[in-house]
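Here is a short briefing on one protein model. Look at the sequence and the 3D view first, then work through the points.

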Amino acid sequence: MNIDELKKIIRDVQDFPKKGIIFKDITTLLKEPSAFESSIKLLLKECEKHSVDKVLGIESRGFIFGAPIANKLNAGFIPVRKPGKLPAETISETYELEYGTDSIEIHKDAINPGDKVVIIDDLLATGGTAQAACNLVDKCGGEPVLVAFLIELKFLNGRAKLKGRNVFTLIDF
Ligand code: AMP
């Protein structure tokens with residue numbers, strides 16, 4: 001499938017999780033084997049332009065794309081999770097939401113100093129989550145070589161928060 005076909009297969013769900021939000025539902029893409037395969041292949045093509053030691057997936061939909069890409073790149077997979085989910089010692093990063101704050105965590109020993117890291121999530125909205133993930137990689141002494149997303153919501157200008165980072169998105173809305 002090409003990018004236009006992938007774009008069409010993503011479902012809009014109005015007013016989820018709250019009124020005024022149009023949620024980009026990728027379950028309609030994931031259940032279609034050729035769409036899932038194409039999205040992995042196209043993201044992988046971009047990742048292959050870099051030398052990569054670790055692929056970091058952001059909970060939870062970042063895991064779906066991050067894990068197969070790590071496997072294909074022969075790189076390690078690192079889960080970045082919501083607070084309290086990772087069992088060993090963690091480093092955390094707090095970021096701003098529209099109302100209030102949120103945090104994400106990584107295992108302290110997940111990244112070795114100097115590791116080249118690709119960060120993957122399904123969707124770039126305001127960029128707060130991905131910025132926090134980049135900060136976690138920085139804190140661990142890793143080098144974020146690419147931040148890759150399946151979808152970008154252009155009108156939210158999430159790239160502003162990722163200024164100076166190498167950002168790739170497959171499908172724009
Ligand atoms: P942000 O930190 O604002 O860039 O938000 C990115 C995270 O929130 C990603 O993990 C997305 O899965 C999720 N997200 C934000 N907005 C949407 C949306 N409209 N549709 C689906 N997921 C969203």
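A nitrogen atom of the ligand sits 2.9 Å from a polar backbone atom of Lys24. That is a polar contact (a pair of N or O atoms within 3.5 Å). The model is predicted: local features need pLDDT of at least 70, side-chain atom pairs count only at pLDDT 80 or more, and totals for chains, interfaces and linings use all residues. Residues are numbered from 1 along each chain as its sequence is written, and side-chain values use heavy atoms, with hydrogens and water left out.

**Around the ligand**
- In the side chain of Thr129, an N or O atom is 2.5 Å from an oxygen atom of the ligand.
- Gly128 uses its backbone: an N or O atom there lies 3.4 Å from a ligand oxygen atom.

**Two packed helices**
- Two packed helices are described by the angle between their axes and the distance between the axes.
- Helix α3 (residues 33-47) and helix α4 (residues 61-73) pack at about 55°, with axes 10 Å apart.
- Helices here are DSSP runs (H or I, at least four residues), and strands are runs of E (at least two), numbered from the N terminus.
- On the α3 side, the contact (heavy atoms within 4.5 Å) is made by Phe36, Ser39, Ile40, Leu43, Leu44 and Cys47.
- On the α4 side, Ile64, Phe65, Pro68, Ile69, Lys72 and Leu73 take part.
- By class, this contact has ten nonpolar, one polar and one charged residues.

- Most residues other than glycine have a negative phi, and most peptide bonds are trans.
- Asp15 is not a glycine, yet its phi is positive, about 60°.
- Asp15 is placed in the loop between β1 and β2.
- Phe16 and Pro17 are joined by a cis peptide bond, with omega about -5°.
- Pro17 is found in the loop between β1 (11-14) and β2 (22-25).
- Another cis peptide bond joins Glu59 and Ser60, with omega about -10°.
- Ser60 lies in the loop between β3 (54-58) and α4.

Definitions and conventions. Axes are lines fitted to C-alpha atoms, for helices over the stretch in contact, and angles run from 0 to 180 degrees between N-to-C directions. Ala, Val, Leu, Ile, Met, Phe, Trp, Tyr, Cys and Pro count as nonpolar, Asp, Glu, Lys and Arg as charged, and the others, Gly among them, as polar. A polar contact is a pair of N or O atoms within 3.5 Å; within protein, one must be able to donate a hydrogen and the other to accept it, and residues adjacent in sequence count only if both atoms are side-chain atoms.
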